[in-house]
Structure formats: structure tokens, C-alpha cells
Amino acid sequence: MKDHRRDFLKKALLASAGVATAPLIGAAHRSTEQQSGMHPSLENTGKTAAKKVLKNWVWINPDQNKSTAELDTTYGAYAKAGITGVFFENDSEKHFRSAKRQGLEAHRWMWTMNRGEKDLLQAHPDWYAVSRTGKSCATQPPYVDYYRWLCPSKATTLEYLQKQVSSILALDYVDGIHLDYVRYCDVILPVNLWSNYNLVQTTELPDYDFCYCEHCQKSFTKWCGETLSDITYPEASLSWRQFRYNQVTNIVNHLAEIAHGTNKKITAAVFPTPEVARRNVRQDWTYWNMDGVCPMIYHGFYKENTRWIGDAVAEGVHFLHGKMPLYAGLYLPDFKSSGDLKEGIRYALDNGAGGVSFFGKVSDGDLACLQEVTGQFLAK
């Protein structure tokens, strides 16, 4: 699965003309920088401002061919530039321990609802989400072949994911779990991807609207008393939309209980703003019991300029009300120059982000930009 996400993003990059390659938490579980209930970068106690705290991350698929010496050099450079943690897409004890030796947090990055393992598909096709037109992700995946979405309302899905998370967090070299694809399939893609699939998604098209399986429909009726088949325009039903938000939130918060029960952290990659997340993928991350979120504020995907990063961060911080830190996810190929990247980081921090997370190939120049901007921010 690991290479498919990159193929998806490469298509987005090719669609961006002129873009150069330069990538709810309960009080009992709050981290030290969250104890006051305010965002760490905004915290102020009386007349004396508290020390600003930033955490910066990198999303990585670990290269198993790298030597220990190479890894120590790489992660040492990360730490020197201000990176504080790494989200690893696959398991690699060598990578995790090297990062930890350099003082970095090492978290396992896990695909959550999008699970296309052959053995799972063959054994449990009934676990998969069904579109409004009756197409199952097990046999007719939307957009791309690897889009195999589990139905989040089924107890079997939760049990399966709980076992996955428990197994990962049992490893002593893993500091936490980072959830990705923790949502429904995109009912609306970022606008920069429409041309890739010859689509115009100004409305919610039935083939991409999930999940309408029998279990979801019965559960919806039990929850609110309405029968989905009697609703003329289900895409306009606020109750049906809220039901689906709740299913994802239920999955997340049960997984958070496992993480917090082992005294380990849980974070997630989420859609760029609460409004976009709810509208495009039925994801309401402001209600999640987590230790942090990393909104994927990939401005090029939405045909927005760098300034929009600040707008997206500000919206997220506003709706979180200090419940957990927000780390702005930045897609490095979206930035045209080092100056552009510096501006993106500044927009994020100045609008309340507790740090940033880089996706893409991280260069020495990218690290230098991070070190310069965060140094200036912390010195204010």
C-alpha cells in the first residue's frame, strides 16, 4: 500500500502547473504542554508569557537499505534543525531506535479505514463500505484500485483496528500511533485532482458517497428514527451526515483509549480544516480524544496560495479550543522556493500551529528553512 499514496500525490503534483519540487482529549491524557488547556504556542499566564513550545514532524517511509550510520546522520540533522518526531509508515526497529537515539519521538504511521490487504479482502468482503449506488469497495473501489474502505459502523472493523493498534504499541521502541485515512472515501476530491479522473465534483456524486450498507442503514434508523430510503436527498440530510461523523469519531476514540492505556501518544493526519474534513470525507476531528492532529494543509491540492495555510490553521485552532495541539502538515513539492516554504511555516506558526509536519523528500535546504523560521518565532 505504501507506494500507492505516493502515486496519488504524484498525480496531484503533475496537475499543478508551475509547482516545483523543492513532500478530544480528556484532561487525564494531556501532555505537559497542554496542561493549561491552552494551545502551547499561545499560552499566557498573567503578565508573563509562558515559554513557547514547538514540535515538528516528518512523515517517512523507512528505507530498509540505509545503514545505521546513515540513519544516525539523517536523524541527527533532523533534530538539529528542530524536528522533534517522525511518523514512520512501516515498521523498522533500526529506524525507530536510530531516531530515538537522536532524541526524536518515533511513532508508527498506520493506514486506518483504507485497508486493501488481499487476505482481508478475501476473508471479509462484507466489512467494506458500500456506495449510494450499491458498489462495494471490496469489488468496485472508487477512483483508484487501492481505495478499499472499511465500513466504520461495524463492530468487526473496530475490533480489527484495535488489534492492529495494540500490536503496534506493544513494541517497546514505538512511542505512539499516528492514524492516516481515518475517514470515509472522498465524496469530493481536492479540486486539483478532478481532471485526473475526468470529474467535476461540484455536487456529491452517488458513486463516491459512502457508506450505504445494510448495517449502516439499520444503525442510522435505530439512532435517529428515520429510514434512509425514505429520505429523498440523503446527501442533504444533516442527520445522515452527523451519523457518519459519529462512526469515525467512535473508531478514533476507542483507539485513543488503547494508546492512552499504554501511556503512549496518538495523533492523526486529517483533512486541512474542520469544514473541509466534514464536507469532503465525513471526518469531524475536533471531537477526537487525541494528543495532536496534523491537518494536511496541502495548498496546491486546493489551488490556493501559500497564505491559505494560515487561514486553515486559524480555523482549526479556533474549533479545537485548546483541546490538543495542531501541527500544520506541509506538502513540500507545493512550495516554489525556499522563501515560499519559509512563508508557509510562518503562516502556520503565526496563526497558532504548535509546529509543522513535512511530507515529501526533505532536503537540507528544507531543514534550514525550518530552523531559521522556528528560531525567529521562538525568539519573539
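## Exercises: salt bridges and a helix face

Glu 275 has a relative accessibility of 36%, so Glu 275 counts as partly exposed (buried means under 20% relative accessible area, exposed over 50%, partly exposed in between, with a 1.4 Å probe and protein chains only). The model is predicted, so local features need pLDDT of at least 70 and side-chain atom pairs count only at pLDDT 80 or more, while totals for chains, interfaces and linings use all residues. Residues are numbered from 1 along each chain as its sequence is written, and side-chain values use heavy atoms, leaving out hydrogens and water.

**Exercise 1.** Work out which parts of the chain the salt bridge between Glu 204 and Arg 282 links, and whether its ends are buried or exposed.

*Solution.* 
1. The side chains of Glu 204 and Arg 282 come to 2.8 Å, N to O, in this salt bridge.
2. The pair links distant parts of the chain, 78 residues apart: Glu 204 is in the loop between strand 6 and helix 6, and Arg 282 in the loop between helix 8 (274-281) and strand 8 (293-295).
3. Glu 204 has a relative accessible area of 13%, so Glu 204 is buried; Arg 282, at 1%, is buried as well.

**Exercise 2.** Check the length of helix 11, then decide where its buried residues lie.

*Solution.* 
1. Helix 11 (residues 364-379) has 16 residues, so at 1.5 Å a residue it should span 22 Å, which agrees with its end C-alpha atoms being 22 Å apart. The expected span is 1.5 Å times one less than the number of residues.
2. Its buried residues are Asp 366, Leu 367, Cys 369, Leu 370, Val 373, Thr 374 and Phe 377.
3. Down the axis of helix 11, these buried residues fall within an arc of 155°, so they line one face. The arc is that of the directions from the helix axis to the C-beta atoms.
4. On the other side of helix 11, Asp 364 and Ala 379 are exposed.

Note on methods
Helix = DSSP H or I, 4+ residues; strand = E, 2+ residues; numbered from the N terminus. Salt bridge = Lys/Arg side-chain N within 4 Å of Asp/Glu carboxyl O.
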